[in-house]
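Please read this briefing alongside the sequence and the coordinates shown below.

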Amino acid sequence: MHRGSSKEAEGAPSASENLPLSASVPFRVTLEFTRADRREIREVDVMPGTLLRELLRRLGGSAEGSLVLLGETPVPLDTPLHRSARLVVISTFSGG
């Protein structure tokens, strides 16, 4: 906004002007963990750029023993997350 603009009222700057350039806003990711006939749904707030592998480990899961799907598409574990999503996490371990 330049000096003398009539587009905004005088007073406090808009919300976007108050944020530092490096500000990151968390977003919600829903994970559906499935194994055999069990299903657990967890919702977590994630910072932009968090790797899917890091998120799974933070939730106590084993990234290396999991297949992650976005819809019907497999998602690589090194994918950085940047927006809300619903992911299905399928355990690829079998007991024995």
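What follows describes a predicted model, beginning with the sheet and then moving to the core and the salt bridges.

The model contains an open sheet of 5 strands with mixed pairing, in the order S2-S1-S5-S3-S4. The largest nonpolar core has 17 residues, and the count of salt bridges comes to 8.

**Sheet**

- Strand S2 (38–46) and strand S4 (73–74) stand at the edges of the sheet, and because each has a single partner strand, one side of each is left without a neighbour there.
- Strand S1, which covers residues 27–35, runs antiparallel to S2 and is joined to S2 by 9 bridges.
- Within this pairing, Val29 stands opposite Val44 in S2.

**Nonpolar core**

- In the largest nonpolar core, the residues with the most contacts inside the core are Val29, Leu31, Leu55, Leu56 and Val68.
- Two or more residues of this core are contributed by each of S1, S2, helix H2 (52–58) and strand S5 (85–91), and the largest share, 4 residues, comes from S1.
- Once neighbours within four places in sequence are set aside, Val29 is in contact with Arg42, Glu43, Val44, Val46, Leu55, Leu81, Arg83, Ala85 and Leu87.

**Salt bridges around Glu32**

- The side chain of Glu32 meets that of Arg39 in a salt bridge with an N to O distance of 3.9 Å, and Glu32 also forms a salt bridge with Arg86, where the closest N and O atoms are 3.2 Å apart.
- Is Glu32 buried or exposed? Its relative accessible area is 12%, which is under 20%, and Glu32 is therefore classed as buried.

**Other salt bridges**

- Arg42, which is among the residues in contact with Val29, forms a salt bridge with Glu40, the closest N and O atoms being 4.0 Å apart.
- Both members of that pair are partly exposed, with a relative accessible area of 30% for Arg42 and of 43% for Glu40.
- A network of salt bridges links Arg53, Arg57, Glu64 and Asp78.

Technical notes
Residues numbered from 1 in each chain as written. Predicted model: local features only at pLDDT ≥ 70, side-chain atom pairs only at ≥ 80, totals over all residues. Heavy atoms only, no water. Pairing = 2+ DSSP bridges. Core = buried A, V, L, I, M, F, W, Y, C linked by side-chain atoms within 4.5 Å. Buried < 20%, exposed > 50% of the residue type's maximum accessible area, 1.4 Å probe, protein only. Contact = heavy atoms within 4.5 Å.
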